[in-house]
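Please look over the sequence and the model below before reading on.

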Amino acid sequence: MEAIILQVLNGLDKGSAYALIALGLTLIFGTLGVVNFAHGALFMIGAFCAVTLSRILTWSRTVIDETQTDFLGNPLKVEVPYVYDWFGQQTGDTIIDWAVPLSILFAIPVMMVIGVVMERGLIKHFYKRPHADQILVTFGLAIVLQEIIKYFYGANPIPTPAPAAFTGSFDFGAMLGFDPNLIIYPYWRIIYFAFAALIIGSVFAFLQFTTFGMVVRAGMADRETVQLLGINIDRRFTTMFGIAAAVAGLAGVMYTPINSPNYHMGMDFLVLSFVVVVVGGMGSLPGAVLAGFVLGVLESFASMGAVLEVLPGLNQIIIFLVAIIILLTRPRGLMGRKGVMEE
Amino acid sequence: MLGLEQKDFRLLVIVAILTMAAPFILNPFPESSGLAQFNAGYPDLMQRFVIFGIFAIGFNILFGLTGYLSFGHAAFLGVGSYGAMWMMKLVTLNVVPAILMGVVVAGIFAVLVGYVSLRRSGIYFSILTLAFAQMSYALAYSVLTPITGGETGLQIKPTDTPLFSDIPEGEIGRANLFGMDMRAGFDLAVGDWLFTFNAGYYIAAVFMLIAFYLSIRIFRSPFGTMLRAVKSNQTRMYYTGLNARPYTLAAFVISGMYAGLAGGLLVAMDTQAGPERMFWTASGEVVLMTILGGVGTLIGPVLGAGAIKYMENILSKINKDILHEWFAILPDGFEDFLVAIVYPFVGKGWHLTLGIIFMAVVIFLPGGLVEGGQRIARLFGRKKASDDETTQGKTTPAE
């Protein structure tokens, strides 16, 4: 029992990342009808937003500290972040410590701008071209974005820790009445899951309960009629692209403490996220979220020692295996709508 | 000639002459000049040109004719090279059986994958092939280690004793063609130029010409027309009473066998096989090659493969010092400025150049380099253009 709970929990954080990326991909596909292979790159850029903000916050000047000396008796040079000058040492330290959560505020506008620029500058011209062309041009864009990040940040992973308050683990088992130390779960992963749930919830609420969201849903269902009613649907779809980019970016920001960001993390996630989208059903938002969590949890079950003894290597292929089975038995995916991308 | 129309035959002859004279053509700069680093006429790189040319020609038969975009084609190359490697380790060091083995193994694998994947089309097909390729990669890396050698891959070891090759005790066997070492060759020094003729390259080039000839035959055959019909309108094909599935499966298997041939040749040249050849970036690379050269054209994939391999090997070698040397005549500040601008695009950043060129091609030149060539040709008057039509006539896109 406790092993099962532990695996479900372990699957949730990866599943959250899959679900968030797949949600963004589906938003773009459902509104604009574009298959965006650069979405993984947006996730990666989000993660590097966190890196950038923590670099800005720790941006320092060097001062000579007379009170400290090295072993030769010379005064020591000390790096003093500018944040200290503005907020005092204690508040400054707290700010630096909380760099990753603060990056959320930083990443939202940045990612929205990147998304809108991408849509207006490039993807706009590809609505009428075949899906293959869209895949290819966004694939090229993903390479370019990845290489730009590599040029500025180098090829090595950059550790970006979570705030000290969240570094520990949480004894989940004790709370549920199991023996202590059986089910231990890092705080940050709980936060990540809660955060993902929040984002997913707000995207759905935004689409369901606002006028803007209503128009977007109408546009997804029948674009031409909405245009005939005199609504500038293109501009709203552009905004949705920005929102989708921001969702991917936020998924990346919050993922940095779990996995140190490197320039190819986007591509690694993209391949899996596409599988997730297809399993969930092209164009279905709940399908994408559901498939993300299901596949995340399945992956974590497949990497249990007991399973690996029977079927070695299952953890490596489980997602693809499930995808193949689903696509062959339920061609539209778990919750795919009729008539979407069915050739 | 050879069952080809005149202009097809002319194209084949031109390609044959170019590949045979490649050691000369690719080494245009004298050894001592500063431009010698742009010479691509060394055996390793020339082999890669033709082998990846074969890979891209095969991919083009599937993608260019039927429009099915496979994102997992490298799996066949990888499987083919494992097959060829085991043939060398167990049976004989002669390359011909190894290469045939690679083709056969990849063909069988392609039948399995194709039978399942071709039930779906469009992006679903891309994802299915990608899923199969990633699965093969993951399995080759982990569970199948006894067969694939895992991370280190397979090499010929001193302990290997192939049945039909007698290797002196304790020596590592070399790949050969009926006794001729793949690495054999001779250098020809003409003045300041050094031309290398390598046995391995010529064997690969012959295979490439055969593959190219077969692809022309396929493009011009009724079978090729059927494949184009699949691309342009599958529903209409069904209504005329034709089942598209056998045709697409045949195209898929043929293109998988081409990939297997490329894999077998890679093994014949460097006698090693590893899982990284199956990673999805390798599949992406062949897509890039085909698009860059020109989808659905005969010569396009070969050009694309050449262009990308050239960039990978030549562009990536340019470092800061070389750039400073080039711009040395300029004033100091301006020199540093130019170096700073150019540097991100060369050396380790060559992927950036590749990505930008690729995007530009997809946006502005959907027909790839071949279409670019045709457009330039069209600029030069009417007569010239009609001349080019005959030499490059084969390059009309499939649609």
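**A walk through the predicted model**

In helix 12 of chain B, the residues E285(B), L288(B), M289(B), T290(B), L292(B) and G293(B) meet a set from helix 13 of chain B, namely G300(B), P301(B), V302(B), L303(B), G304(B), A305(B), A307(B) and I308(B). Sorted by class, this contact of helix 12 of chain B with helix 13 of chain B has 9 nonpolar, 4 polar and 1 charged residues. The structure is a predicted model, and the geometry described here is computed from it. Helix 12 of chain B and helix 13 of chain B, the latter covering residues 300-313, pack with their axes 7 Å apart and at an angle of about 120°. Because angles over 145 degrees would count as roughly antiparallel and those from 65 to 115 as roughly perpendicular, helix 12 of chain B is oblique to helix 13 of chain B. The crossing of helix 12 of chain B and helix 13 of chain B is right-handed.

Phi of T271(B) is near 40°, a positive value in a residue other than glycine, and in general most residues other than glycine have a negative phi. Is T271(B) buried or exposed? With 22 other C-beta atoms within 10 Å, T271(B) is buried, since 20 or more such atoms are needed for that class.

The contact of the two chains takes 33 residues from chain B and 32 residues from chain A. On the side of chain B that touches chain A, at least two residues each are supplied by helix 6 (122-141), helix 12 (280-293) and helix 16 (350-364) of chain B. Helix 6 of chain B gives the largest share of that side, 11 residues. By class, the side of chain B that touches chain A has 23 nonpolar, 8 polar and 2 charged residues.

Turning to chain A as a whole, its secondary structure comes to 15 helices and 4 strands, and its C-alpha trace spans about 75 × 55 × 35 Å along its principal axes. A compact globule of 343 residues would have a radius of gyration near 20 Å, and the 23 Å of chain A agrees with this. Of the 343 residues of chain A, 45% count as buried. Among the contacts in chain A with a separation of 6 or more, 74% are accounted for by residues 24 or more positions apart.

Methods: Residues are numbered from 1 along each chain as its sequence is written. Chains are lettered from A and ligands numbered from 1 in the order in which they are written. This is a predicted model: local features need pLDDT of at least 70, side-chain atom pairs count only at pLDDT 80 or more; totals for chains, interfaces and linings use all residues. Two residues are in contact if their C-beta atoms, placed from the backbone, lie within 7 Å. Ala, Val, Leu, Ile, Met, Phe, Trp, Tyr, Cys and Pro count as nonpolar, Asp, Glu, Lys and Arg as charged, and the others, Gly among them, as polar. The radius of gyration is taken over C-alpha atoms; the globule rule is 2.2 Å times the number of residues to the power 0.38. A residue is buried if 20 or more other C-beta atoms lie within 10 Å of its own, exposed if 12 or fewer, and partly exposed in between; C-beta atoms are placed from the backbone. Axes are lines fitted to C-alpha atoms, for helices over the stretch in contact, and angles run from 0 to 180 degrees between N-to-C directions. Angles under 35 degrees count as roughly parallel, over 145 as roughly antiparallel, 65 to 115 as roughly perpendicular and the rest as oblique. A crossing is left-handed if the near helix is turned anticlockwise from the far one by less than a right angle, and right-handed if clockwise.
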